[in-house]
Amino acid sequence: MTELYTDGNDAAGLLAEFMAADPTTTRRRCQSCHAENPLAAHRAYRGAGVVLRCPACGDVAVVIGDCEGELVIEWRGAYRTRRPPQ
Amino acid sequence: MARAAVLERLSRRPPLRWHTATVRDVVVESPRARTLVLDMPEWAGHRAGQHVDVRLTAEDGYQAQRSYSVASAPELDALELTIELVADGEVSPYLVHELRPGDQLELRGPIGGHFTWSVPDGGPLLLLAGGSGLVPLMSMLRHRAARASDVPARLLASVRSPEDRLYGAELETLEPRAGLHIAWTYTRSPPPGWDGWARRVDADMLAELGPGPDERPLIFVCGPTAFVEHVATLLVDAGHDPGAIRAERFGPTGG
């Protein structure tokens with residue numbers, strides 16, 4: 001089933017429409033398992049939108065969708081995000 | 001001062017906008033892959049390893065968008081993308097078969113600072129490519145060559161057959177440069193008389209290729225998701241630091 005996902009690099013263009021910082025190097029600490037990983041290392045599942053999941057526990061991290069022409073992003077269960085020096 | 005700092009920060013990372021690129025040339029890389037050489041008047045430059053989004057718009061307004069890694073070195077005066085044909089794809093057949101010099105397409109980027117390498121980042125470098133996952137790694141090797149860097153670098157490219165090789169002749173010209181070692185493995189049909197590797201990447205292969213975990217290499221793995229997961233697991237099992245492994249997965253095929 002590994003063929004079904006890509007990773008956060010794949011969603012970087014979409015995320016960049018929202019974020020001033022580089023989305024791929026931004027680190028997210030997971031509320032479920034406390035693992036901290038760059039968004040680039042999160043698994044990306046593409047369907048009607050994109051769902052990013054924590055690479056350590058698989059919990060939903062970010063949901064990106066197009067709702068009637070509006071780009072919508074839900075950040076789920078992150079204790080914190082960190083932007084390294086750029 | 002504060003304002004200057006803000007302006008400097010803004011200038012370092014301009015907002016992501018769609019640009020119009022003009023095809024300067026189309027280079028045949030393999031039976032299934034073409035390199036698009038693009039002129040980008042407003043291009044701010046990229047770092048080796050980054051990708052761009054390409055957007056196609058049909059006459060009825062339908063849009064399709066795909067991500068493609070930059071193949072060229074940042075030092076080149078054009079932006080090169082190598083596109084591999086996905087037989088039932090929506091975008092790649094047009095890019096591979098239809099685009100001609102003078103044609104235009106919409107493009108935005110560069111995107112992603114995670115899967116990047118520049119000479120000052122140092123090494124040693126361990127680059128592992130599955131199929132067209134070689135493209136962003138080629139940008140790194142071209143950048144390394146353009147800067148005449150002697151950072152130790154090893155590349156292992158896994159392909160099904162000789163027809164799937166990308167940049168074969170150019171890699172041969174790069175290889176004599178100090179500190180670069182290039183290896184191929186053929187997973188389906190090796191060329192006649194081949195006495196090198198002819199199997200999927202495995203632990204023995206990585207051990208023979210080096211560098212080992214004790215040399216603390218910077219590792220970049222790019223390819224189909226199954227390839228990346230397989231190789232990343234082998235690397236961690238071999239004792240490499242998971243934090244030193246950067247990966248880019250492009251799914252089963254791309255499109």
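# Briefing: chains A and B

Helix α3 of chain B is mostly covered, with eleven of its 13 residues buried. The structure is a predicted model. In chain B, α3 packs on a sheet and touches β7, β8, β10 and β11. That sheet is open and has five strands, paired parallel. Chain B is assigned two domains, domain 1 (16-111) and domain 2 (119-249). Chain B also meets chain A: 17 residues of chain A are in contact with 21 residues of chain B.

**Helix α3 of chain B**

- The 13 residues of α3(B) reach 18 Å from the first C-alpha to the last, close to the 18 Å expected at 1.5 Å a residue.
- Which residues of α3(B) are buried? They are B:Leu134, B:Val135, B:Pro136, B:Leu137, B:Met138, B:Ser139, B:Met140, B:Leu141, B:Arg142, B:His143 and B:Arg144.
- A residue counts as buried if 20 or more other C-beta atoms lie within 10 Å of its own.
- An α-helix has 3.6 residues a turn, so residues three or four places apart point the same way.
- B:Ala148 follows α3(B) and has a positive phi, near 55°.

**The parallel sheet of chain B**

- The strand order is β9-β8-β7-β10-β11.
- β9 (180-186) and β11 (245-249) of chain B stand at the edges. Each has a single partner strand, so one side of each is left without a neighbour in the sheet.
- On average, neighbouring strands of this sheet are turned by 10° against each other, direction ignored.
- Five bridges join β7 (125-130) to β10 (218-223) of chain B, and the two strands run parallel. One residue pair is B:Leu128, whose bridge partner in β10(B) is B:Val221.
- Helix α3 (134-146) of chain B packs on this sheet, and its direction makes about 155° with that of β8(B) (153-159).

**Antiparallel strands of chain B**

- Strands of a sheet pair through backbone hydrogen bonds, either parallel or antiparallel.
- β3 (51-57) and β4 (63-69) of chain B run antiparallel and are joined by seven bridges.
- β3(B) and β4(B) form a hairpin, with five residues between them. In the turn, B:Gly61 has a positive phi of about 95°.
- β3(B) also pairs with β6 (104-111) of chain B: four bridges join them, and they run antiparallel.
- What stands opposite B:Arg55 in β4(B)? The residue is B:Gln65. In β6(B), B:Glu106 stands opposite B:Arg55.

**Between the domains of chain B**

- The C-alpha centres of domain 1 and domain 2 of chain B lie 24 Å apart.
- Their contact takes 16 residues from domain 1 and 15 residues from domain 2 of chain B.
- On the domain 1 side, β1 (18-30) and β5 (79-84) of chain B are the elements that give two or more residues.
- By class, the side of domain 1 of chain B that touches domain 2 has seven nonpolar, six polar and three charged residues.

**Between chains A and B**

- How many residues of chain A are in contact with chain B? The count is 17, against 21 residues of chain B.
- β1 (6-7) and α1 (12-16) of chain A each supply at least two residues of the side that touches chain B.
- α1(A) gives the most to that side, with three residues.
- By class, the side of chain A that touches chain B has five nonpolar, seven polar and five charged residues.

Conventions: Residues numbered from 1 in each chain as written. Chains lettered and ligands numbered in written order. Predicted model: local features only at pLDDT ≥ 70, side-chain atom pairs only at ≥ 80, totals over all residues. Contact = placed C-beta atoms within 7 Å. Nonpolar A, V, L, I, M, F, W, Y, C, P; charged D, E, K, R; others polar. Domains from an automatic or database assignment. Pairing = 2+ DSSP bridges. Axes fitted to C-alpha atoms, helices over the stretch in contact; angles between N-to-C directions. Expected span 1.5 Å × (residues − 1). Buried ≥ 20, exposed ≤ 12 C-beta atoms within 10 Å, placed from the backbone.
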